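Try each task before reading its solution.

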Amino acid sequence: MSAGGADKAGRVAQRIADVAADCGISLVASLPDGWITDVIAQFAADGRFRHVAVNREESAIGLCSGAFFSGIGAFALMGASGFLTCIYAITKINYTYQIPLLIGITLRGRPGDRAKFHQSNGLYLEPVIQAIDLPFVPIERADDIARIATAYRHSRVMSRPVLVGFTREVLRGEA
Amino acid sequence: MNFEACFRLLAERLRNEVIVTSAGNCSELWWEITGETERVFYLEASMSLASLLAAGIALGAPARTVVAFSGDGAFCMNPGMLLVERQLALPNLKHFMVSNRVYGSTNDLPHPFGELVDYAAIAQASGIERVYRFATLEGLSQGLDDMIAVPGHAFAVLEVEPLGRHLPSPPLDGPEVKFRFGRYLERTGGRPVFDAPVPR
């Protein structure tokens, strides 16, 4: 990525962190995807958040779900593939006990993603999201970043997890 | 050590802590012994996330001691839980791993890994400083206060015999567990959980 591109991605990461902080999130648990490294670095360096790098994505679900009970606003951030490993945890913990949680993922596998090993996400990610009736808020343009707060509030109101999905273009500051 | 006697001792001594129990025997036995419905979160069938859910509670409630129970089946699914616990190093998180060497929630089907590995050594190699191994009631009784009362993240292996009988699950639906537990935390000095204003 060029220096200009890095600047744009950094500004997007800053904007995401600002929206998250403003809506009351103070814990971020993450596992990287190549598209969200700037966002994770922003959360890790930002004093408004406690950032926890977890060993696997399901651990983020467990940690953030527990944080709900201590009154902490939490955000589980991960790649699409990692999210797909969390279906059991989400349905068994958050659905069974009705625990709200904001989850952020990358929308890997959409047209434009040149990684062959992510094409399965293009085929199955959104159908899986729909299959478990998980409310999904796509973040496809810069103006959509504010919808992270809407998604967080919606999660609290309905006592279930809500998913936000970032496109590559948004994360690179190109949309 | 006899599993039931071990849990009876723990239930008798852990009077003020917040408890998170994992699926199967841990939840079933704690429920049978105590019948508690307030300070206990019966996390049934999370497949290894009990200690991390407990860590999330402990993270935001530093004045509370939070005790998590995992089974050895869950532990072997996700031993990396210890790495996250080590990173967090929460002084108020105490994690008991029950090693009964069977899958207690599925008719005591043998669990082969306990004979092959040293769970306490795994915890030590993960960087956890305070690791305990209790194989007798006497040892547990003597070491429990040190583990619980002294601040610092601690992990203990409870070497127990299989329970050898089937117990019913706590007769509580998920939302009931959530509300009883959350209201208990709110009522006893925690931050608002359900009554927290939804941000505008």
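**Exercise 1.** Find how many residues of chain B are in contact with chain A, and which elements of chain B they come from.

*Solution.* Start with the count: 34 residues of chain B are in contact with 33 residues of chain A, where contact means that C-beta atoms, placed from the backbone, lie within 7 Å. This is a predicted model, in which local features need pLDDT of at least 70 and side-chain atom pairs count only at pLDDT 80 or more, while totals for chains, interfaces and linings use all residues. Residues are numbered from 1 along each chain as its sequence is written, with chains lettered from A and ligands numbered from 1 in the order written.

Next, the elements: helix H3 (50–60), helix H5 (81–88) and helix H8 (174–187) of chain B each give two or more residues to the side touching chain A. Helices (H or I, at least four residues) and strands (E, at least two) are DSSP runs, numbered from the N terminus. H3(B) gives the most, with eight residues.

**Exercise 2.** Describe the fold of chain A and say why it counts as compact.

*Solution.* First, count the elements: chain A has eight helices and six strands. Along the sequence they run α-β-α-β-α-β-α-α-β-α-β-α-β-α. Then check the size: the radius of gyration of chain A is 15 Å, close to the 16 Å from the globule rule for 175 residues, so chain A is as compact as a globular protein of that length. That radius is taken over C-alpha atoms, and the rule is 2.2 Å times the number of residues to the power 0.38. The C-alpha trace of chain A spans about 45 × 35 × 30 Å along its principal axes.

Definitions and conventions: Contact = placed C-beta atoms within 7 Å.
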